[in-house]
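Here are some notes to read with the model open. Please check each point against the coordinates as you go.

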Amino acid sequence: MRYKQLTQEERYQISALLKAEHDQTEIAMILGRHKSTISREISRNTGLRGYRPKQAQRLTEERRQSKNRPRISDDTWLAVEQLLTLDWSPEQISLWLKAFCGISISHEWIYQFVLQDKANGGNLCTHLRCQKQRRKRYGSYNRRGQLIDRISIDARPAVVDLRSRIGDWELDTIIGKGHQQAIVSLTERKTRYTLIQKVERKTAECVSNAIINLLSPFSEYVHTMTSDNGKEFADHKNIADKLNAEFYFTHPYASWERGLNENTNGLIRQYFPKGRDFTTITQKEINQAMYKLNNRPRKCLGMKTPNQVFLGINPPVALAS
């Protein structure tokens, strides 16, 4: 049987019957209602001055209006549309709105908004990076080579975001021409100090050995490491154990969560461009690139160099003069 809400007249009857000291079971029988309906009505709409029919009716109408009101306002959808036209991805929009506007809206909802716009003849879909038709996910796929025991960046201490201490590193790899060999790239978040090492293959073992080799001399200043979800970081537990630090992973396809390292990789490409065959790179070139990167004054460091802030080493005399 379909539920029918109480009318304002019935609420006046309930009030009168309560004043006449009828209990809830008796009121239900008189009104021809189930006693749970009467019980729920009284418990939800009784104020400090008891049950009053006018107040009960107002509270009910307010709840009904609140329920019918869309959870996401038209203004929010307008903001989403504007950010989409700036070529922001749905995930970027979702995270940004939550972080800076306190608005919670999932990236899946934004994708559905884009699809609805497309169905209505709109062109918001042209601003998405991937133009493939999205497939509804009914469950996770069983893929080989999953990162075992990965810890999400969500669990990373908040102090890392403040850049208030030395010892929080971002990690990545740079691939050579024809996917032959790679460069392991590490950047310290506070000081921008950069370490790089070439590896013969981009395997978990080679990358793990390179990271441990690069950071071991500075183990006192290794608190956390953050990488993307590349399978080359599958040996993360061993890395964390050897360096006595915590290892975290960004969300998939969220490169901005280790944006400093992404930017540093762009600087490294100045010395080892995409067309470069990494098999020809010498250790001397690696050392020269690190030297130049760590002796560049940075605006964010008050025009000091990473070497000055991380190691206390002043720039060469010729540079200082």
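Predicted model: local features only at pLDDT ≥ 70, side-chain atom pairs only at ≥ 80, totals over all residues.

1. Start with helix 12, residues 283–294. Its 12 residues reach 17 Å from first C-alpha to last. That is close to the 16 Å expected at 1.5 Å a residue.

2. Which residues of helix 12 are buried? They are Ile286, Ala289, Met290, Leu293 and Asn294. Down the axis of helix 12, these buried residues fall within an arc of 120 degrees, so they line one face of the helix. The general rule behind such a pattern is simple. An α-helix has 3.6 residues a turn, so residues three or four places apart point the same way.

3. What covers the buried residues of helix 12? The cover includes two strands, strand 4 (182–188) and strand 5 (194–199). It also includes helix 11 (259–268) and helix 13 (306–311).

4. Next, a helix pair. Helix 5 (residues 74–85) packs on helix 7 (residues 107–119) at an angle of about 80 degrees. Their axes are 11 Å apart. The angle lies in the range 65 to 115 degrees, so helix 5 is roughly perpendicular to helix 7.

5. Which residues make that contact? Helix 5 brings Trp77, Val80, Glu81 and Leu84. Helix 7 brings Trp109, Ile110, Phe113 and Val114. The contact of helix 5 with helix 7 divides into 7 nonpolar residues, no polar and 1 charged.

6. Ile27 sits in helix 2 (residues 24–31). Its relative accessibility is 0%, so Ile27 counts as buried. Neighbours within four places in sequence aside, Ile27 is in contact with Ile14, Leu17, Leu18, His22 and Ile38. Ile27 and Ser39 are 12 residues apart in sequence and 9.8 Å apart in space, C-alpha to C-alpha.

7. Look at the backbone of His179. Its phi is near 60 degrees, a positive value in a residue other than glycine. His179 lies in the loop between strand 3 (168–175) and strand 4. Is His179 buried or exposed? It is exposed, with a relative accessible area of 70%.

8. Met303 also deserves a look. Phi of Met303 is near 65 degrees, a positive value in a residue other than glycine. Met303 is in the loop between helix 12 and helix 13. At 52% relative accessibility, Met303 counts as exposed.

Definitions and conventions:
Residues numbered from 1 in each chain as written. Heavy atoms only, no water. Helix = DSSP H or I, 4+ residues; strand = E, 2+ residues; numbered from the N terminus. Expected span 1.5 Å × (residues − 1). Buried < 20%, exposed > 50% of the residue type's maximum accessible area, 1.4 Å probe, protein only. Arc of directions from axis to C-beta. Contact = heavy atoms within 4.5 Å. Axes fitted to C-alpha atoms, helices over the stretch in contact; angles between N-to-C directions. Parallel < 35°, antiparallel > 145°, perpendicular 65-115°, else oblique. Nonpolar A, V, L, I, M, F, W, Y, C, P; charged D, E, K, R; others polar.
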